[in-house]
Amino acid sequence: MRFIFIVLAFLTFNACKSTKAESAFAFAENPVIAHRGAWKALNLPQNSIASLKHAIELGCTGSEFDVRMTSDNVLVVNHDPDYNGLFIEETTYSELSKHKLSNGEVLPTLRDYLLAGMENNPGTGLVCEIKPSKTEGRNVLMAEKVLELVDELKAEKYISYYISFSYELLKRIIEINPNAKTQYLDGSKSPETLRDDGVSGLDYAIHIFKRKPEWIESAKAHNLKLNAWTVNKAEDLDLLLANGFDYITTDEPELLFERIRNSATYNTDYELVWSDEFNYNGKPDATKWTYSYGFIANEEKQYYTDSLKNARVENGHLIIEAHKEKLANKDFNNPNLKPWAQYKKEIDSAQYSSARLTTEGLAEWKYGRIEVSAKLPKGRGMWPAIWMLSEDRKELGWPESGEIDIMEHVGYDNDTIHGTIHTKAYNHLKGTQKGKTIFIDRPNDTFHVFAIEWTPEKIDFLLDGVVYNHIANEHKTTAEWPFDKKFHLILNVAVGGMWGGRQGIDESIFPQRMTVDYVRVFQQKSKDQ
Ligand code: MG
């Protein structure tokens, strides 16, 4: 009896142990897909088992590799159609395997590769790209043989998804195994088509998403996984993180992990609710931006226009450009101007033109995280700003209505930016505005991200992710905190004026521009919307 108990206990223990080992694998919770393994930093050969092992060490959620088939129908892992000058499809595996990879590895078969990926792997999925063949019937055969092998090795749970440029091949995979996850690579099919055909995601070149940003939304609406290749630049990684991509395929997994750590939005409840990435040409998008005209305030010398010369989108950027040019003042001698605006009627023409864009009447937000990536104009007399005014400013008047200056910069003090709030209690007329400054390195030729994080409790001002001014809601009155209502965004480049012109205007600097790479507005799903 006692013996039986011991045997039972032993069996139970082992059953538990094996169940535990089996269930230990779960895809790591990050979007990092190492493209052909993690090879670059350690100078490993692409598609080597060593690069797969390194992706596992880094904790990537996936490691991608390319599958081809030899003339004797052995599945091997290699990107190019040829290997050491031999065409893989026309050469036997034994011929191919005479040549080693640069790190001494034998050309991996898919069998060896999958087995390596199933060993000591807590969370890196295997992303299996099957390279199309030009030979009739071979695509379907490869799909069948890959699935057979995955089945034989019980590797299915390690496979994140299958990808291919061949739609025929993906469809054959889905036919054989309707549970298999698939993503199409070619970039030619809409999310609707993929959904209708049972493909579970789209893994398109990043330029496709830049050209068709509407596919991002429609992929999400159709519950398709979003993935992009091959994304190696920090700014592109940031763009995809901001847009909530499920996966990002990169040669730079270490850099992507760093961008994720620095992304204030990735690990929070924030989601992108409004943006302009400026991936078009010509006039700023009229559904997002309107213009201010003429002289506006602060005794500034520029005359605002809506001409392309002063505001246009080109090369992926919004340009707001100040020119030295004479323009007739439509308000000259206008008797209807308010007393504070008398200066607007005093001169018959302006000496400078520029632009001021606003989202007023088109998009306004209460709370959120607002990020603007921009390069600033240079020279004495320039005064660019990225700032916000409230929806009720016309009824309430300024400064009671409130103002949030996400970024101000005056040309005579080029190394400094300012982040400030103005309210009834705290404003520059009284010298009580709450502002702080921070040193900025190379503001004119490098993109920096100017941001606020605004909640019912605070407004933090950030430069490149670092908070340099923290305004707490003191919970007194709206004189101190008028920020529980909607504000719109303004981007402008002023010339001269009460602050920008304090040390005069250098006439030799024109034209001068602010270049904006993107504007992104995030809100917290549960709270702000
Ligand atoms: Mg590939």
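User: Which residue in E17 does Leu327 stand opposite?

Analyst: This is a predicted model, in which local features need pLDDT of at least 70, side-chain atom pairs count only at pLDDT 80 or more, and totals for chains, interfaces and linings use all residues. Residues are numbered from 1 along each chain as its sequence is written, and side-chain values use heavy atoms, with hydrogens and water left out. Strands (E, at least two residues) and helices (H or I, at least four) are DSSP runs numbered from the N terminus, and two strands pair if DSSP finds at least two bridges between them. E16 and strand E17 (residues 349-354) run antiparallel and are joined by four bridges; the residue opposite Leu327 is Ala350.

User: Which residue of E28 stands opposite Ile319?

Analyst: E28 covers residues 512-524 and runs antiparallel to E16, with five bridges joining the two. In E28, the residue opposite Ile319 is Thr515.

User: What is the bridge partner of Arg312 in E16?

Analyst: Strand E15 (residues 311-314) pairs with strand E16 (residues 317-328) in the antiparallel sense, over four bridges. For Arg312, the bridge partner in E16 is Ile319.

User: Which residue in the turn between E15 and E16 has a positive phi?

Analyst: E15 and E16 form a hairpin, and two residues lie between the strands. The phi in question is about 50 degrees, and the residue in the turn that has it is Asn315.

User: How far apart are the centres of domain 1 and domain 2?

Analyst: The domain bounds, which come from an automatic or database domain assignment, are 28-267 for domain 1 and 290-524 for domain 2. Five residues of domain 1 are in contact (heavy atoms within 4.5 Å) with four residues of domain 2. Taken over C-alpha atoms, the separation of the two centres is 46 Å.

User: What percentage of the residues in the protein is buried?

Analyst: Buried means under 20% relative accessible area, with a 1.4 Å probe and protein chains only. Of the 529 residues in the protein, the buried share is 53%.

User: How far apart do the centres of the positive and negative side chains lie?

Analyst: Lys and Arg count as positive and Asp and Glu as negative, while His and the chain ends are not counted. Each charge is placed at NZ of Lys, CZ of Arg, CG of Asp or CD of Glu. The protein has 62 positive and 77 negative side chains, and the distance between the centres of the two sets is 3 Å.

Definitions and conventions
Buried < 20%, exposed > 50% of the residue type's maximum accessible area, 1.4 Å probe, protein only.
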